[in-house]
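Please keep the sequence and the model in view while reading the numbered points.

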Amino acid sequence: MTLAYLPSPSQGVWHLGPIPIRAYAMCILLGIVVAVVWTGRRWEARGGHHEDVVDIAIWAVPFGLVGGRLYHVITDPELYFKAGEDPVKAFYIWDGGLGIWGAVALGAVGAWIGCRRKGIDLADFADALAPALALAQAIGRWGNYFNQELYGRPSGLPWAIRIDPSHRPPNTPNAAFYQPTFLYESIWDVGVALLLVWIDRKWHPNRGRLFAIYVALYTAGRAVVEALRDDHANRFLGLRVNDWVSLIVFLGALAYLWLRRDRPETKTASTETPDE
C-alpha cells in the first residue's frame with residue numbers, strides 16, 4: 001500500500017461559459033510568455049531591442065507549434081491513422097502531443113525568418129533564447145500533469161503519481177502509481193536554465209555555442225527520462241525513436257561546439273555581461 005504519493009488533478013479543463021479553458025494550453029502559453037519576456041531582457045542586455053524578440057516570436061511560435069505536432073504525428077501515426085482511430089484527432093493539440101525536436105526544428109525556421117527580416121544573426125539570438133527556452137519547457141511539462149500523461153513505469157516511491165484508471169496503460173490497468181517523469185524533466189529543465197545562466201556569465205559563449213550547450217544538456221537529461229517511461233512508443237533497434245533523435249541531436253551539438261572551439265569570443269551587440 002502506498003502511503004504517500006502525488007495526486008493527479010481532478011480536472012484539466014474549465015469552462016468559461018461555452019469556452020473551454022484547458023490547463024495544457026495554459027501551461028504552453030505561460031511558457032511562451034516567460035520565454036519571450038526573459039529573452040527580451042537578455043537580448044536588451046546584448047544591445048538589442050525588446051520588440052525584436054516579440055517580432056521574431058510571431059514567426060517562431062506558430063512554426064514551433066506546428067513542428068511539434070507534426071513530429072508527434074509522424075513518429076506515432078498509428079495513434080491517428082490505423083483502423084478504428086479518428087484521423088481528425090491529429091489536430092487535437094489540446095489533448096497533448098508536442099514533440100520537442102519538431103518544435104525546435106520548425107521553430108528555428110520561423111526564428112530564422114524573423115531574424116532575417118530584422119537583420120539579426122540567428123546564432124546570436126539563439127544564445128539569448130537558450131535559458132528562457134529551457135525554462136519554458138519546464139513550465140510546459142506541467143500541462144502533461146493536468147492531462148495525466150508523460151509518466152513512467154509503475155512505482156511505489158513516495159513521490160509516485162496516482163493516475164486515474166482512464167489514463168492508465170492497457171498493460172498495467174491495476175497499477176495506480178507511476179514514476180512522475182514529467183516532474184523529473186521539469187526539474188531538469190529548470191536546472192539547465194540556471195546552469196546556462198551561470199555558464200553565460202562566466203565564459204560568455206557566443207555564436208550559437210550557448211544554445212548548443214543547452215541542446216547537449218537537455219538531451220542528456222531527456223535520455224534518463226525516456227529510460228523511465230513505459231508508455232506507447234515506436235522503437236528502432238530496441239530504442240525508442242525519441243532516444244535515437246536525442247542521440248543524433250546530442251552528437252550534433254557536441255560537433256558544433258568542437259568545430260567552434262577556437263573561434264574568438266566577441267560581443268555582437270554589447271560588451272556588458274548580460275544582467276539576468
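**Note on helix packing and overall form**

1. Helix α5 passes helix α7 in a left-handed crossing (left-handed if the near helix is turned anticlockwise from the far one by less than a right angle, right-handed if clockwise). Helices (H or I, at least four residues) and strands (E, at least two) are DSSP runs, numbered from the N terminus. The model is predicted: local features need pLDDT of at least 70 and side-chain atom pairs count only at pLDDT 80 or more, whereas totals for chains, interfaces and linings use all residues. Residues are numbered from 1 along each chain as its sequence is written, and side-chain values use heavy atoms, with hydrogens and water left out.

2. Helix α5 (residues 122-140) packs against helix α7 (residues 181-203) at about 165°, and their axes are 8 Å apart. Axes are lines fitted to C-alpha atoms, for helices over the stretch in contact, and angles run from 0 to 180 degrees between N-to-C directions. α5 is therefore roughly antiparallel to α7 (angles over 145 degrees; under 35 is roughly parallel, 65 to 115 roughly perpendicular and the rest oblique).

3. Contact means heavy atoms within 4.5 Å. Among the residues that join α5 to α7 are Ala-130, Pro-131 and Leu-135 of α5, and Asp-189, Val-190 and Leu-196 of α7. By class, this contact has 10 nonpolar, two polar and one charged residues (Ala, Val, Leu, Ile, Met, Phe, Trp, Tyr, Cys and Pro count as nonpolar, Asp, Glu, Lys and Arg as charged, and the others, Gly among them, as polar).

4. A second pair consists of helix α4 (residues 100-118) and helix α8 (residues 209-228), whose axes come within 13 Å and cross at roughly 165°. These two helices are therefore roughly antiparallel to each other. The contact is made by Ile-100, Trp-101 and Val-104 of α4 with Phe-211, Val-215, Tyr-218, Thr-219 and Arg-222 of α8. Six of these residues are nonpolar, one is polar and one is charged.

5. Which residues does Val-249 touch, not counting residues up to four places away in sequence? They are Trp-101, Val-215 and Thr-219. Val-249 lies in helix α9 (residues 241-259) and is partly exposed, with a relative accessible area of 22%.

6. The protein has nine helices and six strands. Of its 276 residues, 45% count as buried (under 20% relative accessible area; exposed is over 50% and partly exposed in between, with a 1.4 Å probe and protein chains only). Along its principal axes the C-alpha trace spans about 60 × 40 × 35 Å.
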